[in-house]
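Me: I would like to learn how to read the domains of a protein chain and the contact between them. Could we go through one example together, step by step?

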Amino acid sequence: MDSQGPPASTIKSKAGSPQPVASRCIHQDCLSHVGWPQDCQPSCSSRSSCSESTSFLPSRVTGMVLKAFFPTCCTSADSGLLVGRWVPEQSSAVVLAVVHFPFIPIQVKELLAQVQQASRVSLAVLGTWCHRQQESEESLGHFLEGLGAIFSHEPWLQLCRERGSKFWSCKATHQQRPGTPGVSSEDHVMLIFYDQRKVLLSHLHSPTVLPDCQAGDATASAEGLAAIFDTVSRSEVLFCKNQFDEGPVRLSHWQSEGVEASILVELAKQASGPVCLLVACLLSLVSASGSCRLWKLWPLPFIASKLSTCEQLRHRLEHLTLVFSTQKAQSPAQLMRKANMLVSMLLDVALGLTLLSWLHSSNRIGQLANALIPMADHVAEELQHLLQWLMGAPAGLKMNRALDQVLGRFFLYHIHLWISYIHLMSPFIERILWHVGLSACLGLTVALSILSDILALLTFHIYCFYVYGARPKHSPYSAHVCRLYCLKICGLSSLWRLFRGKKWNVLRQRVDSCSYDLDQLFIGTLLFTILVFLLPTTALYYLVFTLLRLLVVTVQGLIHLLVDLINSLPLYSLGLRLCRPYRLAAGVKFHVLEHEAGRPLRLLMQINPLPYSSVVHTYRLPSSGCHPKHSWGSLCRKLFFGELIYPWKQRGDKQD
Amino acid sequence: MEDKRIFSDICGGRLALQCRSYSPFCREFCVSCPRLSLRSLTAVTCTVWLAAYGLFALCENSMILSAAIFITLLGLLGYLHFVKIDQETLLIIDSLGIQMTSSYASGKENTTFIEMGKVKDIVINEAIYMQKVIYYLCILLKDPLEPHNISQVVPVFQSAKPRLDCLIEVYKSCQEVLAHQKATSTRP
């Protein structure tokens, strides 16, 4: 069935050429890399001190147990040759497929060379597989041993299984150097079964695997378990041939019953090309119109930077551009990202449409509009009561009458202005709400952002009070607004330093001692006393309005948190973890199968899926920055010194 | 080859250690903790329900009773699934790695596998835990950038907490396997 091969030496060298197996001299200090044993003899310097004189082997760790990774789909396959990859650093043989009889050795080698070129994984014939169907197949064993001479590989693996028996027999033999008497040495063999389909489809998330390891890397890795996963996933080309093909070589692997595919997936792949092109054109039109000069006129950019709706819309536009870009995803991580964005946008739109249908049913908008004005009136009335209370003797505290009256009247006037503004808007409220409700079809996140902006606009007066009472560092408001509290605190702190005879050194950013003149000290002490006695009044007003402002900020913060959650949660990855846990692998786990003394150890390797928290952490989409970034400490500090608290981090704002 | 012995944990509870040797280079150690006792379960349930009944007597709202039942059930399920560990297993395979499995009372299994290339050694460490000095077995991991440094210490049998005598048995057995592994890995 197969031609008598040419003399042994020629075959060996022929077998040696397509496989880049680096052979190293085992003598301790000799670093020569050789192609064949005989070449080392003249150049090896430490040969005299070397105790290993017998076997000369290609580089592998001697004494290590040989691990044979065998696919579970091939356990019932007919006898044949084992084809796969040999990883010398870990002494493991990864079997990818079984080549059945009849075959021509030349064609098998050609196929392996083809696959090796396509996948850049060094494949070889690793040994023989013998599955005895009947008792009388003794000749098969002898024939298989003869094959070892044609496809030479170090070590040569021989796996054998009786029909219906659970226990296998495995042998791994090494060729001795020609000319040395003695039997070929054998290694201990450990059989590890793995599910080929699952290992092929899974993506290993291990700390040692670099996250941006591209699929187009030069060679397959040889690091631990990543080597196994890498080998199987890169050899996808080998699995394209199945038993119904007319090829010269018959293979057995997980796809040998017929290539698995899904009609929907194929249709989607065909349709995605033109759809992506169309949507990409539309999006480029939209972004071109968005970046035209009209929008750069002041005050539009300023308002746009304050409104979280514009931020959210921009964020969504970015996502859409990325998902529908015509470039294919370069790595599995990018593909997951695209999928996550698409699923989260779809969910967003679905939730938005639900909200829309709920709002537009049974005239909810009209009810909402009618309830808004009385609510605003009620809030204004409560604020007026509060100010009247502050202008009296709040909680029994005695205020400075003059300052009290000034501040109280100033704020009352503001409330009056605000209420008039609301009443002016009242005929248009229902129309506005209707149009805003329509925006929910763009997504729930957009609707929530609009809600947060409306809240900000309606409580604008509290914001004004707060701003008047505080001192913002980067306030966009002009300087004519008086910022009482912080001004007071600043004044107090510098006058307190004067009281003690010290000064703030701006150059050195520290407090230095300073000798003041008598008149400086006199004026300073007077002013200090006045400010100290006026402090309770301003502090109380500041406290009240800060609390109100904090309430509004909390509500806005919660809304932004919800928006951020919808934006950044990787729903596709979570769904994948739920339904196909083997796709996201954190590692592997081994299960020891039934064992009999004297037989090789059998293990089952299963995929250990990534825990949900790691899935969220790894595949989390970047948020648009619309969420609170304060820690509790900095919040308290800002409150005490009277700096403004924004509920969101503005893009382009400098850090404090 | 199996071997089962009784030891005790640091609080005095009863533990069972089962050692299995599948081959000279593959060994498994299984520490079983005492199961959930009916007495403690009944005690907790009675306490919760008495408290709920007391609240009901004050508020006259029957929702409290159904809430108490709900809380008891959910609490028990959560405890069995997330807290109560029945068995902890250590599987050491020469030239492959070390695997630690914790099985919970509800059947859930949590597995961690460490490749042999990352393992530096297995040692017994001493620690001060509240007012006690306890011993625990841990795996030392190598730093990938500097093989002589230790990057991580992974404790084993964390919830069973066996005493020193049990740990010594496991330690000796593991060192035999690791000695073979070290001997083969240092040869070029």
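Reply: Let us begin with a term: helices here are DSSP runs of at least four residues, and strands are runs of at least two. Please keep in mind that this is a predicted model. In chain B, residues 62-82 are 95% helix and 0% strand, with end C-alpha atoms 30 Å apart, while residues 36-56 of chain B are 90% helix and 0% strand, their end C-alpha atoms also lying 30 Å apart.

Me: What does UniProt list for residues 36-56 and 62-82 of chain B?

Reply: The unreviewed UniProt entry lists both spans under "transmembrane region".

Me: Which domains does the assignment give for chain B?

Reply: Domain 1 takes residues 2-36 together with 84-186, and domain 2 takes residues 38-82. The centres of these two domains of chain B, taken over C-alpha atoms, are separated by 38 Å, and their contact involves 6 residues from domain 1 and 7 residues from domain 2.

Me: How much area do domain 1 and domain 2 of chain B bury between them, and which residues supply it on the side of domain 1?

Reply: Together the two domains bury about 680 Å², of which 59% is on carbon and sulfur atoms. On the side of domain 1 of chain B, Leu36(B), Lys84(B) and Lys108(B) supply 69% of the area buried against domain 2, more than any other three residues.

Notes:
Residues are numbered from 1 along each chain as its sequence is written. Chains are lettered from A and ligands numbered from 1 in the order in which they are written. This is a predicted model: local features need pLDDT of at least 70, side-chain atom pairs count only at pLDDT 80 or more; totals for chains, interfaces and linings use all residues. Side-chain values use heavy atoms; hydrogens and water are left out. Domain bounds come from an automatic or database domain assignment. Contact means heavy atoms within 4.5 Å. Buried area is the accessible area (1.4 Å probe) that two parts lose on being put together, summed over both. UniProt positions are given in the numbering used here, feature names are shortened, and annotations may be inferred rather than shown by experiment.
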